[in-house]
Amino acid sequence: MVESDVFWGRCPYKTNRREEWRRRLFPVKKVSIVFQGEFQHGLDAKGRLILPAKIREELGTQFVLTKGMDGCLFIFPPESWENFAGKLNALPTSSRQARKLKRYFIGSSIECETDKQARFLNPPVLRSFAEIDKELTVLGVSDRIELWSTEKYDAYQNEEDESIEDIAGDLDF
């Protein structure tokens, strides 16, 4: 018996098997987005931000904004957010630390969409957390974007906890 596309199309079971083999033989490679660069920007009177064009092109019009580490805010494109939230959701709910992390990142997250002028509203609660008033620093950091109060970022950069050389050595980088 000769199996044709018509036959495969009629049988859902075989169609699923065929698609499974196709995925195994020809895997789709996801292109990971890498954000990079440091930019100085400001908020308008309503708390809206226009992201730098270079970052905006890679990010798209929809993304997730949440609290970050070290007092900044994180912006994730949808794919990176799914990976990040998936790691958090994989943590055991029975763990107090895991619940705290989930509340911190997922509980404070908000889905954002840019308007026609490529602006988005940074909610007051997140602006307050990051101490962002008017001037801010936008950093592309691999799979995410960080929003910092310019004053806070400058202070962070000037901290003398460890040198980059020491950190790289500790991480075998």
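User: In what order do the six strands of the open sheet run?
Analyst: This is a predicted model. In it, six strands make up an open sheet with the order 1-7-8-4-3-5, and their pairing is antiparallel.

User: Which strands sit at the edges?
Analyst: Strand 1 (35-42) and strand 5 (110-113) are the edge strands, and each of them pairs on one side only. On average, neighbouring strands of this sheet are turned by 25 degrees against each other, direction ignored.

User: How many bridges are there between strand 1 and strand 7?
Analyst: Strand 1 and strand 7 pair over eight bridges, in the antiparallel sense. Within this part of the sheet, G42 has E135 of strand 7 as its bridge partner.

User: And strand 7 with strand 8?
Analyst: Six bridges pair strand 7 with strand 8, again in the antiparallel sense. A hairpin through one residue joins strand 7 to strand 8.

User: What joins strand 4 to strand 8?
Analyst: Strand 4 (residues 73-76) is joined to strand 8 (residues 144-149) by three bridges, and the two run antiparallel. F74 has E146 of strand 8 as its bridge partner.

User: Which helix packs on the sheet, and which strands does it touch?
Analyst: Helix 7 (residues 150-158) packs on the sheet and touches strand 1, strand 7 (135-142) and strand 8. The direction of helix 7 makes about 100 degrees with that of strand 8.

User: What is L147 in contact with?
Analyst: Apart from neighbours within four places in sequence, the contacts of L147 include L49, L51, L65, I75, F120 and V138. N122 and T137 are also among them.

User: Where is T114, and what does it touch?
Analyst: T114 is found in the loop between strand 5 and strand 6. With a relative accessibility of 14%, T114 counts as buried. Leaving out residues up to four places away in sequence, T114 touches T61, F63, R119 and F120.

User: What about the backbone at A118? What is its phi?
Analyst: A118 has a positive phi of about 65 degrees, although it is not a glycine. A118 lies in the loop between strand 5 and strand 6 (119-121). A118 is buried, at a relative accessible area of 16%.

User: And S142?
Analyst: S142 is a residue other than glycine, and its phi is positive, near 65 degrees. S142 is found in strand 7 and is partly exposed, with a relative accessible area of 42%.

User: New topic: helix 4. How far apart are its end C-alpha atoms?
Analyst: The end C-alpha atoms of helix 4 (residues 78-89) are 16 Å apart.

User: Which of its residues are buried?
Analyst: The buried residues of helix 4 are S80, W81, A85 and L88. Seen down the axis of helix 4, they fall within an arc of 125 degrees, so they line one face of the helix.

User: What do those buried residues pack against, and what does the face turned away carry?
Analyst: The buried residues of helix 4 pack against strand 3, strand 4 and helix 5 (96-105). The face turned away from the buried side carries the exposed residues E82, N83 and K87.

Definitions and conventions: Residues are numbered from 1 along each chain as its sequence is written. This is a predicted model: local features need pLDDT of at least 70, side-chain atom pairs count only at pLDDT 80 or more; totals for chains, interfaces and linings use all residues. Side-chain values use heavy atoms; hydrogens and water are left out. Two strands pair if DSSP finds at least two bridges between them. Helices (H or I, at least four residues) and strands (E, at least two) are DSSP runs, numbered from the N terminus. Axes are lines fitted to C-alpha atoms, for helices over the stretch in contact, and angles run from 0 to 180 degrees between N-to-C directions. Contact means heavy atoms within 4.5 Å. Buried means under 20% relative accessible area, exposed over 50%, partly exposed in between (1.4 Å probe, protein chains only). The expected span of a helix is 1.5 Å times one less than its number of residues. The arc is that of the directions from the helix axis to the C-beta atoms.
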